[in-house]
Amino acid sequence: MKPRQRKQYFRNMKRSDDSEREKRRKRRRLLQELGEQRIPYLSPTDPGYQDLWDSSYAGLTLRQSGTLPEGLHEKVQSALLTLQRHGCLLRDLVRVRDRDVFTAVSRALVGQPGYTYRYLDTRLFTIPWHCEEEEEGQKDEKGKPCCDSDLRDACKALWELNQFFCSDVKQQTNTRGVKRTRSDTENSEDAPGEGMCEESVKDRLVEEKNIEEEEEEDSGQGCSHSSPPSSTPPAAQASLVQFNVTLINYMNPAAMTQLKEEPYYGMGKMAVGWHHDENLVPLSPVAVYSYSCPAEPKNEGVTEKDGEGKSKEKEREAKGKGTSPEEVKKEGEASVKEDVEKEKMCWRVGLKVAWDIHTPGLALPLQSGDCYYMTDDLNRTHQHCVLAGDTARFSSTHRVAQCCTGTLDYIQKRCSEALENLHSDPEKNAKSLISLLPSILQRIEDIHNEVEFEWLRQYWFQGRRYARFCSWWTKPMEQMEKDWKEMERMTQLLLVVVEDEATAQENRREMADVLLNALTDRQQHRQTWRDRCQSSLAQTLPPEEAPVDRPHWSNDDPDMPLPFDLSDIINRVESLLWRCV
C-alpha cells in the first residue's frame, strides 16, 4: 500500500465532526418528515412480502436450519456455548462521538491467525480457528497449544462452518445470477415499469453518490458504522468467497434494562441499531448463523392437572361452537394475529434501503439454526438492524475483513521498515539514524504512532482478556513493544540532531517540523488513551477485563529514552522553529 493510500485509509476510518453533524442533521430531518407516521414494513405474514424481497432486497438469501449439513448444528452450537463458558464473550468499550459506551452485545473474534477486525475505534484480535493446515502456527515456542483442547475444538467447529459458508455463498450467488440472467432475457421486451425500471437505476445511482454520509447512530448497542465507498473490485473477486474472520455475538434481552425502539418502522426493540458492516472488502458478502438458546419454561403457577383441565375445557368449547363463515373469518384473523405475535417473539433481522422513506422495510424472522447471507452490494446500499426476541441468542457473523493494514504480518513488516533506519555500533555501544531525509523520517514517525496507538494501546485497552484464554498474541505483542521502544530511541536520536546547532539550518527546520507534528499527535493520543483507561465506565470492569494504560512509564525512567509526557520537548522544538524562521 502506497503512503498516500495508507493515509487515505486511516482518514476514512475517522469520522469527522462535520460528517457527524451532517448525519445527525439528516436523521433529524428524516424523523421530522415522518412526524408521527411510520414507514411500512413487511413480514412473512404480509401480502407482497416475497415480491418486496425479490424487488428491493435481492441480495438477501435465507438458508433455513433444516437445509444445513447433518451434524453441523450440534458442533456449532456446542462451540458457541464453549466460548461463553470460557469467558471469551465480553462487551466492548467502544468510542461513539468522542465518548466511551459499552456494547449491549458481548463479542469475540475468531478467524485467521494474526488477523484483527476494527470497528468503532476498537480493534479486536482473533482467537485463531484451529484448522489442521495451520495447527503448527498455533503453538508457543515450547510447542504448547495456545488454547486448551475445548477451545481448540470450538474454534475448529467454527472453521468448519466457515468452510461451508465459503462454498455455499458462492453457489447461492452463482445460482441467483443464472436466474437473473434468464429473467432478464425473458423480460427484455417487457413494457416500461416491469422488471428493473429506469427510475430504480437512477435511485440506485443517487444512493451510491450519497453513501458516504449514510450511517445510523450506534446508541451504544454495538452496531458498526458505514465505511466510505471504495472502488469496485475486479469481477473475479466477486466469485471468490474467502471469509477470514467471524465476529461472535451473544445477547440476552432479559438481562438488558434498556433497549431502544426501532424509530422508523415500529419494528420493536433493537439489539443492534441500523448500520452498514464496516471494514470489509468492498462488495464482499456477509454470512450469519443464528442460534437462539432454549428459553426456560414458565410455569406461572399452572400445574399439569390445571393444564389438562383447561385443555379439556377448550375442547368442549370448540365442540359447542358453530362454523359459520363469520366465525371462520374471525378464527382466520386471530390465527394471523397469533402468527404476527410469534414473529415478534423470535429474533429478526430488519433491512431497509439506506435513507429511503418510500421503500417498505423488511423484517426477516430467524428460527434457531437459520442462516442468512447478504451478498452483492446489499451491505453498501442498505442498512440492517437486529431485533431482539424473547430468548438469548448467539450469532456467528462471517466476513471478508479488510486485511491490508489489519494483520500481524502487515504491522511486523512496518516495524522492520522503520528499524531499517537505525544503525547499531556494537563496539561503541551506540546507535544512530542512517538517513535524515524528511520524507523517511516522516514515514518512520508515522509507523511509530501507528504501532503505539493502533496496536499496543488497542490491545492493552481490552485488558488481559486475551491472555486469559488464548496465548497466541502474547509473544507477538511483546516483540512489538520491543520494536516500539527502539522507535522511541529513534525519535530521541532525531531530537538530538534537531537540537544540535551544527546541523544545517535548512535541514534542521524541515526535521524539526516533522518531529513537532509527530510529537504533538503522540501527546494528544496518549492523553486520550489515558482518559479512556481512567473513565468511569472503565472503572466498573473487573481487573482481568479493565483497560491497561500500556505502555506507560514515569518521566524519569532511566530505561526509556524519552519521557511519557512530551509537553516540555514539544515546547523546546516549537521554540527552535521560531528561532529558525
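Me: Which residues is His 384 in contact with, leaving aside its neighbours within four places in sequence?
Reply: His 384 is in contact with Gly 273, Trp 274, His 275, Asp 277, Val 349, Gly 350, Leu 351, Met 374 and Asn 379. Contact means heavy atoms within 4.5 Å.

Me: What kind of model is this?
Reply: This is a predicted model, where local features need pLDDT of at least 70, side-chain atom pairs count only at pLDDT 80 or more, and totals for chains, interfaces and linings use all residues. Residues are numbered from 1 along each chain as its sequence is written, and side-chain values use heavy atoms, with hydrogens and water left out.

Me: Back to His 384. Buried or exposed?
Reply: Buried, because its relative accessibility is 5%. The cut-offs are under 20% relative accessible area for buried, over 50% for exposed and partly exposed in between, with a 1.4 Å probe and protein chains only.

Me: And which strand does His 384 lie in?
Reply: His 384 lies in β14, residues 382-387. Strands (E, at least two residues) and helices (H or I, at least four) are DSSP runs, numbered from the N terminus.

Me: Switching to helices. How do α14 and α16 pack?
Reply: Helix α14 (residues 474-499) packs with α16 at an angle of about 35°, and their axes are 11 Å apart. Axes are lines fitted to C-alpha atoms, for helices over the stretch in contact, and angles run from 0 to 180 degrees between N-to-C directions.

Me: Which residues make that contact?
Reply: From α14, Leu 495, Val 498 and Glu 499; from α16, Ile 569, Arg 572, Val 573 and Leu 576.

Me: What about α4, which residues are buried there?
Reply: Leu 72, His 73, Val 76, Gln 77, Ala 79, Leu 80, Thr 82 and Leu 83 are buried in α4. Just after α4, Gly 87 takes a positive phi of about 75°.

Me: Where is the cis peptide bond?
Reply: From Arg 550 to Pro 551, with omega near 0°. Pro 551 is in the loop between α15 (505-533) and α16 (567-580).
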